[in-house]
Amino acid sequence: MNQKILIVDDSALSRRTLRRILESAGYEAVEADYGMTAPEMYFLEKPGLVLLDLVMKGMYGLDVLVKLREMDQEARVVVATADIQSSTRKMVDEAGALGFINKPFVPEQVIAAVEAAPAALWGPRLAWSGLERLAWRGGWLQAATGRPGR
């Protein structure tokens with residue numbers, strides 16, 4: 001059971017925020033500070049899950065996703081981005097992403113998405129509470145708090 005998560009984001013604030021959320025929930029977090037380093041970090045660290053931003057310097061997140069899936073067809077990737085366009089979701093879905101987390105990050109949503117992705121990753125360990133629900137929508141795992149747009 002690999003609970004190491006690779007965070008790929010060119011924003012130090014986003015990486016720090018995700019690291020804090022993940023480590024407080026007991027996960028090990030490793031970081032890649034831009035897209036070009038992500039494939040190498042994936043190869044070296046062998047994480048169980050990747051949280052991937054889309055808009056980055058050097059290599060766009062969609063390109064990183066495609067590269068990771070070429071390297072490892074079993075790569076588990078959840079996109080973590082501020083880009084909420086349905087066309088973007090469709091593109092990353094077709095490229096093999098398991099889910100989508102919107103920025104700004106809400107700790108409960110991040111953990112819900114991470115814990116739901118392991119249905120194929122770490123076993124059927126799902127987090128449920130009165131505040132959040134997990135639902136598959138059009139192939140996407142979405143963590144929601146019951147508030148519109150989340």
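Guide: In this predicted model, the largest nonpolar core has 22 residues. Val 8, Val 50, Leu 52, Leu 65 and Val 92 have the most contacts inside this core. At least two of its residues come from each of β1 (4-8), β2 (28-32), α2 (38-45), β3 (49-52), α3, β4 (77-81) and α4 (86-95). The most is given by α3, which supplies four residues.

When neighbours within four places in sequence are left aside, Leu 65 is in contact with Leu 52, Val 77, Val 92, Ala 95, Gly 96 and Ala 97.

Helix α3 spans residues 61-71, and Met 71 is found in it. Met 71 is partly exposed because its relative accessible area is 35%, which lies between the 20% limit for buried and the 50% limit for exposed. Together with Phe 43 and Leu 44, Met 71 makes a nonpolar surface patch of about 320 Å².

Now the charged pairs. The whole structure contains eight salt bridges. In one of them Glu 45 pairs with Lys 4, and the closest N and O atoms are 2.9 Å apart. Because Glu 45 lies in helix α2 and Lys 4 in strand β1, this pair ties together parts that are 41 residues apart in sequence. Lys 4 counts as buried, at 15% relative accessibility, whereas Glu 45 counts as partly exposed, at 26%.

Glu 31 forms another salt bridge, with Arg 15, where the closest N and O atoms are 3.0 Å apart. Here the parts tied together are 16 residues apart in sequence, because Glu 31 lies in strand β2 and Arg 15 in helix α1 (residues 12-24). Arg 15 counts as buried at 12% relative accessibility, while Glu 31 is partly exposed with a relative accessible area of 28%. Arg 15 and Glu 31 also belong to one network with Arg 19 and Glu 23, joined by salt bridges that share partners.

A further salt bridge is formed by the side chains of Glu 74 and Arg 76, at 3.2 Å from N to O. Arg 76 counts as buried, since its relative accessibility is 16% and buried means under 20%.

Terms used: Residues are numbered from 1 along each chain as its sequence is written. This is a predicted model: local features need pLDDT of at least 70, side-chain atom pairs count only at pLDDT 80 or more; totals for chains, interfaces and linings use all residues. Side-chain values use heavy atoms; hydrogens and water are left out. Patches are made of residues with over 30% relative accessible area and no salt bridge: like charges are joined within 9 Å, nonpolar side chains (Val, Leu, Ile, Met, Phe, Trp, Tyr) within 5 Å. Accessible areas come from the Shrake-Rupley method with a 1.4 Å probe; for residues, only the protein chains shown count as cover. A salt bridge is a side-chain nitrogen of Lys or Arg within 4 Å of a carboxyl oxygen of Asp or Glu. Buried means under 20% relative accessible area, exposed over 50%, partly exposed in between (1.4 Å probe, protein chains only). A nonpolar core is a set of buried Ala, Val, Leu, Ile, Met, Phe, Trp, Tyr and Cys residues joined through side-chain atoms within 4.5 Å. Contact means heavy atoms within 4.5 Å.
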